[in-house]
Amino acid sequence: MNLKDYIESGIIESYVMGLASESERAEFDQLCTQHPELVAARRKFEESIESFAFEQALPTPPEVKGKIFEAIGTSGSRSTTSLNPPKIDKMETSKTPVRSLGLLRFVAAASVVLLIGMFVLYYQTKQQNADLVNTQDRLKLSYDSTKNILDKIVDEQKHVVGDSNTTVVNMVGTKVAPKSSANIYWDSASTNVYLVVKNMPKLPNDQQYQLWALIDGKPSDLGVFDATDSRVILKMKNTKKAQAFAITIEKHGGSPSPTLEKMQSLGKILQSQ
Amino acid sequence: MLALKERNNQAFGFLYDNYAGALYSIIKQIITDNNELASDVLQEVFINIWRKIETYDQTKGRLFTWMLNVARNASIDMLRSKGYQNSQKNQELPDNVYKGVANQTTQQNVDNIGLKKVLEKLKPEHRVLVELAYFKGFTHEEIAEMMAIPLGTVKTRIRNALLQLREYLK
């Protein structure tokens with residue numbers, strides 16, 4: 001349907017003046033919910049009718065206002081026939097005031113309850129929304145910092161793996177632990193030592209693995225780690241020199257010197273400086 | 001409770017003071033010849049407004065539009081009531097309604113207010129239809145039968161008449 005044609009069809013005037021049929025009214029109401037311009041056109045006509053009606057206002061009989069207030073003030077009478085309304089109102093006055101007061105009171109109470117209900121609902125919704133925003137902020141923060149950390153790790157790994165100064169030492173299992181294996185990335189320029197656990201058996205809680213650098217035949221502590229750190233690059237203590245690396249099982253926190261009979265893995269540096 | 005009632009009365013008093021004159025005008029355009037009955041209708045209209053105000057739906061139009069239609073419906077109900085017709089018995093028979101309107105002779109004076117004044121500017125065949133539909137409350141079907149013209153024509157003419165009316169009201 002062309003809305004412009006519809007607006008100009010006279011339906012608005014018919015509707016406003018109460019001359020539209022039931023189905024025309026229903027259709028008009030329906031279309032009004034979808035087309036603000038139809039509502040605007042209706043309003044415009046209503047306003048012109050209204051201002052015209054005000055121009056044409058007539059003085060009202062002075063006694064009418066008093067009669068109306070008498071009728072509504074003291075009774076809620078239901079059926080006032082037009083021929084003799086005051087009499088009928090008076091007859092019903094004695095019968096219905098309780099009901100009308102009760103009704104008014106009920107409506108007033110219901111309105112208050114509804115209003116309070118709406119406020120509660122409003123605040124609940126507002127609170128829920130604030131909570132959600134809060135949670136979202138926290139998640140975002142957590143995501144940002146996690147991403148930051150990951151980025152740093154990736155950068156570090158690129159640097160470690162790709163650097164020409166980095167020596168890769170493949171640690172292989174000993175007779176005691178043939179399946180143990182790990183990689184050492186030793187950057188001889190920065191002296192950084194990184195360890196990637198490939199396969200190390202899980203240890204009891206009171207024990208940890210300890211990495212050693214063998215420098216001129218002497219072991220030097222490079223720090224402890226757990227088997228659970230597998231697949232993660234671990235930054236160990238720095239060392240300027242090393243001919244080989246060894247991993248032993250020590251008590252939790254590490255030992256000042258290695259327990260060599262529990263050596264799990266050993267790797268020699270093939271390409272020495 | 002009392003305060004609530006007083007406030008309501010105050011608001012309703014304001015409503016009456018503002019709108020009664022405009023509504024009385026439309027009532028008088030329908031109940032043209034009996035001031036006493038027109039005054040009764042005005043009273044009934046405001047009592048109805050007071051009682052039915054919660055049925056007013058502002059998404060469907062302005063408050064005045066709603067009140068105007070309450071006034072028009074009450075006036076037409078009165079027009080059709082036995083009491084009114086008895087009081088008119090000696091003046092005009094119901095089936096003479098159309099002739100009375102069409103001739104425009106006897107009703108010249110009372111037609112000189114409000115919308116009826118604007119209707120004068122319309123073509124007679126349009127004016128008559130609006131008279132019957134709006135001021136006498138006949139349905140389109142009743143008018144078609146009464147005037148022996150097709151329903152579609154009644155509808156089209158009334159719509160066109162209302163569109164012209166809109167232009168005059170601007």
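In this predicted model, E125(B), H126(B), L129(B), V130(B) and A133(B) of helix 7 of chain B make contact with V154(B), R157(B), I158(B), N160(B) and A161(B) of helix 9 of chain B. By residue class, the contact of helix 7 of chain B with helix 9 of chain B comprises six nonpolar, two polar and two charged residues.

The geometry of this pair can be stated as well: helix 7 (residues 124-135) of chain B and helix 9 (residues 151-169) of chain B have axes 9 Å apart and pack at an angle of about 95°. Because angles of 65 to 115 degrees count as roughly perpendicular, helix 7 of chain B is described as roughly perpendicular to helix 9 of chain B.

Turning to chain A, the model has seven helices and eight strands there. Of the 273 residues of chain A, 24% count as buried, and among the contacts in chain A with a separation of 6 or more, 54% are between residues 24 or more positions apart.

Confidence in chain A has a mean pLDDT of 79, with 82% of the residues reaching 70 or more.

| Confidence in chain A | Element | Mean pLDDT |
|---|---|---|
| Highest | Helix 2 (residues 11-16) of chain A | 95 |
| Lowest | Helix 6 (residues 85-93) of chain A | 41 |

Over residues 74-96 of chain A, pLDDT stays under 50, and for these residues the model has 36 contacts beyond four places in sequence.

Technical notes: Residues are numbered from 1 along each chain as its sequence is written. Chains are lettered from A and ligands numbered from 1 in the order in which they are written. This is a predicted model: local features need pLDDT of at least 70, side-chain atom pairs count only at pLDDT 80 or more; totals for chains, interfaces and linings use all residues. Axes are lines fitted to C-alpha atoms, for helices over the stretch in contact, and angles run from 0 to 180 degrees between N-to-C directions. Helices (H or I, at least four residues) and strands (E, at least two) are DSSP runs, numbered from the N terminus. Angles under 35 degrees count as roughly parallel, over 145 as roughly antiparallel, 65 to 115 as roughly perpendicular and the rest as oblique. Two residues are in contact if their C-beta atoms, placed from the backbone, lie within 7 Å. Ala, Val, Leu, Ile, Met, Phe, Trp, Tyr, Cys and Pro count as nonpolar, Asp, Glu, Lys and Arg as charged, and the others, Gly among them, as polar. A residue is buried if 20 or more other C-beta atoms lie within 10 Å of its own, exposed if 12 or fewer, and partly exposed in between; C-beta atoms are placed from the backbone. pLDDT is the predictor's confidence in each residue, from 0 to 100.
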